[in-house]
Amino acid sequence: MTHEELTEQTEQEESLAVAAQWVAAAKNIVVLTGAGISAESGVPTFRDAQTGFWSQYRPEDMASQAGYRANPTMVWRWYEYRRALVAKVQPNAGHHALAVFEHAHPGQITLVTQNVDGLHQRAGSTDVLCLHGELNKQVWLDKPRDCCHIEFAEAGEPPQCSVCGNLVRPGVVWFGEALPYRTFERAQQAAEQCDLMLVVGTAGAVYPAAGLARVAARVGAKVVIVNPAPSELDDAADLILRCSASVALPWILASGDTRLAA
């Protein structure tokens, strides 16, 4: 190992130790996760999944109400394809560390994610605020009537109400749609009340989700960025960990808690 590499490793270990101390001292922690933590499990990002046959379509065609109404079968198959990709991967050490910490400290951590893949839930996290919806959830395209019941939807691509023809759609937030109001309200309240926020694997470019980190910084909470690459939120950080979530989270969450480290 060169002198430069040794110095870099030492600095990283020192930063991890500081983050662990902050976790141990914190009373209210918010964790905001983005595509980076899922990419470590092998989940393609939205645009990365548009390969092969799907590369001929614009993202807006695959993730908007207008695109779905224009070609519901094509878009439904695209989401079935994405569900199949996600089903092949497993939560990583970062996902598991968050779930373990949540169960060890009920009410102390609020997990907010921009991801729709459900890996946090599969790892064991129980109260996940999914700002952009859930890939495996199904909802109605139009306001449901009394005849609309998801569990009785007529099979098809996509399924539909056998009475009124209302289409089932993926339960994700599409271009031009607002975030789920109550979910975002809870996330914003948590950001306003936290004393530590961990921003994990997000480029910080998608708002209003990315704005939660700035809310936390504005109220005086410590903000820790966990990302191997620079992000647009680095200027709001008190500490930047240039490493992956699967490395950083088990270390700082377990090391910061003797009950977990024992």
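How much space lies in the second largest pocket? The answer is about 270 Å³, where a pocket is an open set of points on a 1 Å grid over the protein atoms alone, places where a 1.4 Å probe fits, with protein on both sides within 12 Å along at least five of seven lines. The volume is the space filled by probe spheres set on the points, which are joined across faces, edges and corners. The model is a predicted one, in which local features need pLDDT of at least 70, side-chain atom pairs count only at pLDDT 80 or more, and totals for chains, interfaces and linings use all residues. Residues are numbered from 1 along each chain as its sequence is written, and side-chain values use heavy atoms, with hydrogens and water left out.

The pocket is lined by 16 residues, of which G133, K137, G171, V173 and P180 are the closest to its centre; a lining residue has an atom within 4 Å of a point. Two or more lining residues come from each of β3 (128-130), β4 (133-140), β5 (168-172) and α8 (181-193), with helices (H or I, at least four residues) and strands (E, at least two) taken as DSSP runs numbered from the N terminus. The largest share, four residues, belongs to β4. By class, the lining holds nine nonpolar, three polar and four charged residues; Ala, Val, Leu, Ile, Met, Phe, Trp, Tyr, Cys and Pro count as nonpolar, Asp, Glu, Lys and Arg as charged, and the others, Gly among them, as polar.

Strands β4 and β5 are also partners, pairing in the antiparallel sense over five bridges (pairing requires at least two bridges found by DSSP). Within this pair, Q138 has P170 of β5 as its bridge partner. Five of the five residues of β5 are buried, so this strand is largely enclosed by the rest of the structure; buried means under 20% relative accessible area, with a 1.4 Å probe and protein chains only.

Two cis peptide bonds deserve a mention. One joins E157 and P158, with omega about 5°, and P158 sits in the loop between β4 and β5. Another runs from Y207 to P208, with omega near 15°; P208 lies in the loop between β6 (196-200) and α9 (211-218).

Key
Buried < 20%, exposed > 50% of the residue type's maximum accessible area, 1.4 Å probe, protein only.
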